Amino acid sequence: MPTPSPRPWAHVTLSTLIDPFARPVRTGHLARRLSSAVLPARAAGLAEDTQRAATAGEARALAGVRAEIGGAHAVQRDPTTCGSASLVVLAALGDPELERWIAEGTEPTAPRPEIPDAARSAELAELAEQGLTLDSPEHRFDAAQRLVKAATSHRALGVADWPDSLGTPPWAAAREARFPGVRYRWTPVDDRSERAAHVLAAVHSATLAGLPVPLYTSGDLGGGLGKAVPRHVVLARPAQDRGSGPGLDASGAPALTIYDPSRGLDHLVPVADLLARSTPLKALGSWSHVVIALLPVPRAG
């Protein structure tokens, strides 16, 4: 019986189509190693040692640990707020007063877009109508997600709002992302391209510098057209030292700590395992591909 022919289109995502037109991202040694050695081997599936390493890496990534911010279990409040939860965690990582408000309800010294206040009485009234109190870290984290969701939806289509049911568009996430000293710009990622190696290396470098990076994930055409567009948002957290050095896994390979708001878990994932993927990964919200990154850019001045 003849072997079925491969389906080269099966792993196509929306970013596969727009990645060739995106601006270049250039980085150093890690990107060169990923693009020259890891990417071809994973794409071709020919290097047994690379495949074994990938299998081991994915086993490590499955073992997530509970993600908390301000004592709250950092879980998205509904199926559309993965981006909102990621943006709240991103902001809190760079804003001790926001984290303190989530933890204790302590009012900040100045207004924060994630915190309802008396000057925004309509927001407080809406939260009350929805039955949401601010009497626990989890409830305050939920309230912050609602406010961020409203901000990213507002005029995300020029003069029109983004439909709530479609989550958070990447350009609005980049507009609202708040971290000291940087702004964010979104860029597509085709995980089978050489450019993807540079983007993921830039993500890793950012986390080594203490900067969180939102990542959008999706399936591909192999699962149907509706799975090939961005479906979920996770957050690459600032690098941690787990014994092998900052930003490294137990084997010494460059790795990202990825926060998945759908389960409220942090996963340690080797960067190489995010290239040329064909199967779902829990760290990506059980989707297969990183398709968009929000890269930090220094603010002028």
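The model is predicted, so local features need pLDDT of at least 70 and side-chain atom pairs count only at pLDDT 80 or more, while totals for chains, interfaces and linings use all residues. Residues are numbered from 1 along each chain as its sequence is written, and side-chain values use heavy atoms, without hydrogens and water.

The protein chain holds nine helices and nine strands; these are DSSP runs numbered from the N terminus, helices being H or I of at least four residues and strands E of at least two. Of its 301 residues, 50% are buried, meaning under 20% relative accessible area with a 1.4 Å probe, protein chains only. Where contacts (heavy atoms within 4.5 Å) join residues at least 6 apart in sequence, 65% of them link residues at least 24 apart.

Helix H4 covers residues 82–93. Its twelve residues reach 17 Å from first C-alpha to last, close to the expected 16 Å, which is 1.5 Å times one less than the number of residues. Eleven of the twelve are buried, among them Cys82, Leu87 and Ala92.

Leu14, Leu17, Ile18, Leu157, Trp171, Trp186 and Val229 make a nonpolar patch of about 600 Å². Helix H1 (residues 14–18) gives the largest share of this patch, three residues. Trp171 lies in helix H8, residues 170–176.

Conventions:
Patch = residues over 30% accessible without salt bridge, like charges linked within 9 Å, V, L, I, M, F, W, Y side chains within 5 Å. Areas by Shrake-Rupley, 256 points an atom, 1.4 Å probe, with all protein chains shown as cover. Salt bridge = Lys/Arg side-chain N within 4 Å of Asp/Glu carboxyl O.
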